[in-house]
Amino acid sequence: MTAQTDTPGTVTTVYKVSGMSCGHCEGSVSGEILELSGVSSVTAVAASGEVTVVSAAPLDEADVRAAVDEAGFELVGQV
């Protein structure tokens with residue numbers, strides 16, 4: 001699911017990530033995704049496995065997958 005937010009010029013995308021179980025996991029995933037160009041915020045929730053990403057433009061899923069892999073987790077896909 002990709003949806004426009006209330007802020008013009010941004011895109012919010014929710015991804016499903018498997019393997020997160022704690023706050024440290026959330027921080028690792030968020031930190032890696034924040035390094036992607038155009039990303040302004042990331043909210044990871046271990047309990048649901050959902051990662052909400054706000055960016056200036058739609059992201060290439062391969063780039064998000066690589067960032068999640070670097071953090072040690074698996075990107076399942078978009079919600």
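Some housekeeping before the residues. Numbering starts from 1 along each chain as its sequence is written, and side-chain values use heavy atoms, with hydrogens and water left out. Since the model is predicted, local features need pLDDT of at least 70 and side-chain atom pairs count only at pLDDT 80 or more, while totals for chains, interfaces and linings use all residues.

I will start with the surface. Glu35, Asp69, Glu70 and Glu74 form a negative patch. Patches here are made of residues with over 30% relative accessible area and no salt bridge, with like charges joined within 9 Å and nonpolar side chains (Val, Leu, Ile, Met, Phe, Trp, Tyr) within 5 Å. Asp and Glu count as negative, Lys and Arg as positive, and His and the chain ends are not counted. The place of a charge is NZ of Lys, CZ of Arg, CG of Asp or CD of Glu. Accessible areas come from the Shrake-Rupley method with a 1.4 Å probe, and for residues only the protein chains shown count as cover.

Aspartate 69 sits in helix α2, residues 61-71; helices (H or I, at least four residues) and strands (E, at least two) are DSSP runs numbered from the N terminus. Aspartate 69 is partly exposed because its relative accessibility is 44%, where buried means under 20%, exposed over 50% and partly exposed in between (1.4 Å probe, protein chains only). Glutamate 70 is also found in helix α2, and it counts as exposed because its relative accessible area is 58%.

Next, the salt bridge, defined as a side-chain nitrogen of Lys or Arg within 4 Å of a carboxyl oxygen of Asp or Glu. How many are there in the whole structure? The search finds one. Glutamate 61 and arginine 65 make it, at 3.1 Å from N to O. Both residues lie in helix α2, four residues apart, about one turn of the helix. Glutamate 61 is partly exposed at 28%, and arginine 65 is partly exposed at 30%.

Now helix α1, residues 23-34, which holds serine 28 and valine 29. Is valine 29 buried or exposed? Valine 29 counts as buried, because its relative accessibility is 0%. Not counting residues up to four places away in sequence, valine 29 touches Met20, Val51, Val68, Ala71 and Phe73, a contact being heavy atoms within 4.5 Å. Serine 28 is partly exposed at 22%. Leaving aside neighbours within four places in sequence, serine 28 contacts Ala71 and Phe73.

Last, glycine 72, in the loop between α2 and β5 (74-78). Glycine 72 is exposed, at 55% relative accessibility. C-alpha to C-alpha, glycine 72 is 8.3 Å from serine 28, 44 residues apart in sequence, and 8.1 Å from valine 29, 43 residues apart along the chain. Between glycine 72 and serine 18, 54 residues apart in sequence, the C-alpha separation is 10.0 Å.
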